[in-house]
Amino acid sequence: MKKYSIGLFVLFLGCVALIGAAYQFSFQYSKRQAEEEARLKQEIMKSVKEEEEDAVAAEGDVSKGEVFYLMDLNGFVAVYRSDKETIYEYTNIVVEDLPEDIRQEIKEGKEIRTVEKLYGFLENYSS
């Protein structure tokens, strides 16, 4: 009977050791997965932050005092920077579709002083 008791005790210890090892393995695996997920989230947040900074930088290219000019370019309204040579943005607004007074202003070079007013104008006349 003692032989069986010792054998069962050894079997019990072996099972406990096996369960402990399996638990440790699954714990380490879960820990690695969580760390990898956290690292990926950090990278995503970093790239999103960089994109936002790039977007701000793109809008930041416009100084506060910069003036824009709306001018006719091959029948479409184009937005020029204050030097009237550098194109800031192309539009799909057809000059002939605009009211006569706006059309005349654009042929002369309609001046717009802020980005907000510029995009307000473009929103109003875009189709």
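Predicted model: local features only at pLDDT ≥ 70, side-chain atom pairs only at ≥ 80, totals over all residues.
Colleague: Which side chain meets that of R81 in a salt bridge?
Modeller: The salt bridge of R81 has an N to O distance of 3.1 Å. R81 lies in the loop between β2 and β3 and its partner in the loop between α1 and β1, so the pair ties together parts that are 15 residues apart in sequence. The partner of R81 is E66.

Colleague: Which residue forms a salt bridge with E96?
Modeller: In this pair, the closest N and O atoms are 3.7 Å apart.

Colleague: Why are E36 and R39 separated by about one helical turn, and in which helix do they lie?
Modeller: E36 is partly exposed at 32% relative accessible area, and R39 is partly exposed at 36%. The separation is about one helical turn because the two residues are three residues apart in helix α1.

Colleague: What pattern does the chain follow when read along the sequence?
Modeller: The secondary structure comes to three helices and four strands. Helix α1 covers residues 2-60, and helix α3 covers residues 115-125. Read along the sequence, the pattern is α-β-β-β-α-β-α.

Colleague: In what sense do β1 and β2 pair, and over how many bridges?
Modeller: Two of the bridge pairs are L70 with V79 and L73 with F76. The hairpin of β1 and β2 has two residues between the strands, and N74 there takes a positive phi near 55 degrees. The pairing is antiparallel, and the number of bridges is five.

Colleague: How many bridges join β2 to β3?
Modeller: F76 has V94 as its bridge partner in β3. β2 and β3 form a hairpin with six residues between them, and K84 in the turn has a positive phi of about 60 degrees. The two strands run antiparallel, and the bridges that join them number four.

Colleague: Which residue in β4 is the bridge partner of F68?
Modeller: Strand β4 consists of residues 110-112. β4 pairs with β1 in the antiparallel sense over three bridges. The partner of F68 is I112.

Colleague: How many of the residues of β2 are buried?
Modeller: Of the 127 residues of the chain, 18% count as buried. β2 is mostly covered, and of its five residues the buried ones number four.

Colleague: Which residues have the most contacts inside the largest nonpolar core?
Modeller: In soluble globular proteins, nonpolar side chains tend to be buried together. Here the largest nonpolar core has 13 residues, and those with the most contacts inside it are L70, V77, I106, L118 and F121.

Colleague: Which element gives the most to this core?
Modeller: β1, β2, α2 and α3 each supply at least two residues of the core. The element that gives the most, with three residues, is α3.

Colleague: Which residues does L70 touch, not counting those up to four places away in sequence?
Modeller: L70 is among the core residues with the most contacts inside the core. With residues up to four places away set aside, L70 touches V77, A78, V79, I106, G109, K110, I112, L118 and F121.

Colleague: Does K117 count as buried or exposed, and at what relative accessibility?
Modeller: K117 is found in helix α3. Its C-alpha atom is 9.8 Å from that of F68, a residue 49 positions away along the chain. Exposed means over 50% relative accessible area. K117 therefore counts as exposed, at 57%.

Colleague: What is the area of the nonpolar surface patch that includes F9?
Modeller: F9 lies in helix α1. The patch is made by I6, F9, V10, F12, L13 and V16, and its area is about 610 Å².

Colleague: What share of the accessible surface belongs to carbon and sulfur atoms?
Modeller: The accessible surface of the chain comes to about 10,100 Å². The share that belongs to carbon and sulfur atoms is 58%.

Notes. Residues numbered from 1 in each chain as written. Heavy atoms only, no water. Buried < 20%, exposed > 50% of the residue type's maximum accessible area, 1.4 Å probe, protein only. Core = buried A, V, L, I, M, F, W, Y, C linked by side-chain atoms within 4.5 Å. Contact = heavy atoms within 4.5 Å. Patch = residues over 30% accessible without salt bridge, like charges linked within 9 Å, V, L, I, M, F, W, Y side chains within 5 Å. Areas by Shrake-Rupley, 256 points an atom, 1.4 Å probe, with all protein chains shown as cover. Salt bridge = Lys/Arg side-chain N within 4 Å of Asp/Glu carboxyl O. Pairing = 2+ DSSP bridges.
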